[in-house]
Amino acid sequence: MGITALSTVIPKTENSKLKNELEKQLKNYNQQSDQIKKKFSELNAKPKDINPIGKLSADASIIMHTSMNNSTSHIAEMVIKGSNMGIIDINKKLNNIKTGDAGIISHAKEILKCEQQYIDNLKSYL
């Protein structure tokens with residue numbers, strides 16, 4: 001979901017420093033996605049697809065919110081909120097795991113650390 005959201009918001013970002021920060025975040029998301037797909041393939045499993053309605057809704061929301069206000073602080077706030085939603089979702093999933101691949105669990109915890117770092121990096125743009 002983060003890949004989709006950042007791909008939608010980056011072109012609407014006028015502040016070059018913020019845009020650079022978001023592009024680094026997007027690059028990391030793409031790398032994480034590739035690693036996760038590889039791990040699932042090794043386990044002969046398939047990751048759950050993103051809900052297309054949720055994806056469309058998120059894209060529409062980003063377009064609407066940035067058309068009304070594409071200020072640096074507003075975009076930073078939107079991305080921070082998205083990262084917080086991701087943190088909540090990952091924590092819920094981790095809290096409900098009874099057994100699972102240690103590598104995937106470790107990767108999820110690493111993603112949580114990255115998300116918190118993204119938030120910390122974006123706070124200066126508020």
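**Loops and helices in a predicted model**

Biologist: Is Asp 49 buried or exposed?
Modeller: The model is a predicted one. Asp 49 has a relative accessible area of 56%. The cut-off for exposed is over 50%, so Asp 49 counts as exposed.

Biologist: What separates the C-alpha atoms of Asp 49 and Met 1?
Modeller: Along the chain, Asp 49 and Met 1 are 48 residues apart.

Biologist: Ser 33 next. Is Ser 33 buried or exposed?
Modeller: Ser 33 is found in helix 2. Its relative accessibility is 19%. Buried means under 20%, so Ser 33 counts as buried.

Biologist: How far apart in space are Ser 33 and His 74, C-alpha to C-alpha?
Modeller: In sequence, Ser 33 and His 74 are 41 residues apart. From C-alpha to C-alpha, the separation is 27 Å.

Biologist: Which backbone oxygen lies 2.9 Å from a polar side-chain atom of Thr 13?
Modeller: Thr 13 sits in the loop between helix 1 (2-9) and helix 2 (16-42). Thr 13 is buried, at 3% relative accessible area. The oxygen 2.9 Å from a polar atom of its side chain belongs to Val 9.

Biologist: Which residues are in contact with Thr 13, leaving aside neighbours within four places in sequence?
Modeller: Thr 13 is a buried loop residue. With those neighbours set aside, its contacts are Leu 18, Lys 19, Leu 22 and Ile 75.

Biologist: Which helices do the buried residues of helix 1 pack against?
Modeller: In helix 1, the buried residues are Thr 4, Leu 6, Thr 8 and Val 9. They pack against helix 2, helix 3 (52-68) and helix 4.

Biologist: How is helix 4 directed relative to helix 5?
Modeller: Helix 4 (residues 72-95) and helix 5 (residues 102-122) pack with their axes 9 Å apart, at an angle of about 160°. Angles over 145 degrees count as roughly antiparallel. So helix 4 and helix 5 are roughly antiparallel.

Biologist: How many nonpolar residues are in the contact of helix 4 with helix 5?
Modeller: Helix 4 contributes residues including Val 79, Ile 80 and Ile 87. Helix 5 contributes residues including Ile 105, Leu 112 and Tyr 118. Four residues of the contact are polar and two are charged; the nonpolar ones number 13.

Biologist: What is the handedness of the crossing of helix 4 and helix 5?
Modeller: The two helices pack at about 160°. Their crossing is left-handed.

Conventions:
Residues numbered from 1 in each chain as written. Predicted model: local features only at pLDDT ≥ 70, side-chain atom pairs only at ≥ 80, totals over all residues. Heavy atoms only, no water. Axes fitted to C-alpha atoms, helices over the stretch in contact; angles between N-to-C directions. Helix = DSSP H or I, 4+ residues; strand = E, 2+ residues; numbered from the N terminus. Parallel < 35°, antiparallel > 145°, perpendicular 65-115°, else oblique. Left-handed = near helix turned anticlockwise from the far one by under 90°. Contact = heavy atoms within 4.5 Å. Nonpolar A, V, L, I, M, F, W, Y, C, P; charged D, E, K, R; others polar. Buried < 20%, exposed > 50% of the residue type's maximum accessible area, 1.4 Å probe, protein only. Polar contact = N/O pair within 3.5 Å; in protein donor to acceptor, adjacent residues only side chain to side chain.
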